[in-house]
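Thanks for coming. I will go through one model this morning, element by element, and then stop.

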Amino acid sequence: MTGGTQNGGLLLDDNVRVVDRVFDIIEELACSSAPMSLSAICRATGMSKSTVHRLLSSMCARQYVEKHPDNTYSIGYKMIETVSYHINSLELLTEAKPFLNDMLRDLGLTSHLGILDGCDVVYLERMDIYPSTRLYTQVGYRSPAFCSSMGKCLLACLSGDELDDALYLCDFKQYTQNTITDVREFKRYLKIVRKQGWAMDNEEYQMGHRCVGAPIFDYRGAPVAAISASGSIKSLSDDKLEMVISQVKQAAANISRRMGYVQ
């Protein structure tokens, strides 16, 4: 038993050492004003050429490092893309919060910000008149996209193949008598959502609860998130619906502009 523990410890130490070396290389490439040669990376990190070459080959295969025709190396597009996801999420939250707060103030409805993850919507932000109440839409909560106003908005923005992949994962469970459970009917509804620019959860996930959502686009025109205003059927009544739709769409458009979207 003792020998096994020691071997396991040695293996863990070796793995940690490899990770440290990978980060050493990444940091040197990130701080360099120009692509670096293999020899330059070795000098900067104090590693042997065989070790650096082996690690670079692995990182190049994953596109985290790019090898140029003159045999120099620089940070690859995958590294930039991966980091940008985190930066964009921080920017998204910063830009969205004032508009979510405005919807809460003007409409008296709970406002949400969410993103699509597979066949679910993940809630990134929630603003409520009663923030201490523990409703099902807490930050970090996942809800089925097919019966969520935000989820419908984001699913409607997907291409045909992307939509088929996402819907394949959906169970289309009958949550209420209003839930759309037929895939063909749901796709027809998404065409309407795409055209009108907003979607509604009309007591489809929870009886007595309504929600209106609209998508947010970034500088590339990609749908990165959605916002919504939700409440009881009394607080989001038919006579109030048109006003809510207008304000949610306008808030989503304003956030999109702040994210660099030009229509």
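Helices here are DSSP runs of H or I with at least four residues, strands are runs of E with at least two, and both are numbered from the N terminus. This is a predicted model, in which local features need pLDDT of at least 70 and side-chain atom pairs count only at pLDDT 80 or more, while totals for chains, interfaces and linings use all residues. Residues are numbered from 1 along each chain as its sequence is written, and side-chain values use heavy atoms, with hydrogens and water left out.

Helix α8 itself covers residues 238–258, 21 residues in total. From first C-alpha to last it reaches 31 Å, close to the 30 Å expected at 1.5 Å a residue; the expected span is 1.5 Å times one less than the number of residues. Its buried residues are L241, V244, I245, V248, A251, A252, I255 and S256. Buried means under 20% relative accessible area, exposed over 50%, and partly exposed in between, with a 1.4 Å probe and protein chains only.

Which residues does I216 contact, leaving aside its neighbours within four places in sequence? Among them are A252, I255, S256 and M259, and also L92 and L113. Contact means heavy atoms within 4.5 Å. I216 is, with V212 and I227, one of the residues with the most contacts inside the largest nonpolar core, which has 51 residues. A nonpolar core is a set of buried Ala, Val, Leu, Ile, Met, Phe, Trp, Tyr and Cys residues joined through side-chain atoms within 4.5 Å. Another core lies apart from that one, with 17 residues, including I41, M47, M59 and Y73.

Strand β7, residues 199–202, runs antiparallel to strand β8, residues 209–217, and four bridges join them. Two strands pair if DSSP finds at least two bridges between them. A199 has G213 as its bridge partner in β8. Six residues sit between the strands, and E203 in this hairpin has a positive phi near 55 degrees.

Now to α3, residues 49–61, with 13 residues and a reach of 18 Å, close to the 18 Å expected. T51, V52, L55, L56 and M59 are buried in this helix. Seen down the axis, these buried residues fall within an arc of 120 degrees, so they line one face of α3; the arc is that of the directions from the helix axis to the C-beta atoms. S50 and A61 are exposed, on the face turned away from the buried side.

V22, in helix α1, contacts L55 and M59, leaving aside neighbours within four places in sequence. V22 and L55 are 33 residues apart in sequence, with their C-alpha atoms 6.7 Å apart. V22 counts as partly exposed because its relative accessibility is 21%.

An open antiparallel sheet has three strands in the order β1-β3-β2. Three bridges join β2 to β3, residues 72–75, and V65 stands opposite I75. α3 packs on this sheet, touching β2 and β3, and its direction makes about 105 degrees with that of β2. Axes are lines fitted to C-alpha atoms, for helices over the stretch in contact, and angles run from 0 to 180 degrees between N-to-C directions.

Last, two loop residues. N71, between β2 and β3, has a positive phi near 65 degrees and is partly exposed at 46% relative accessibility. F172, between α6 and α7, has a positive phi near 50 degrees and is buried, at 10%.
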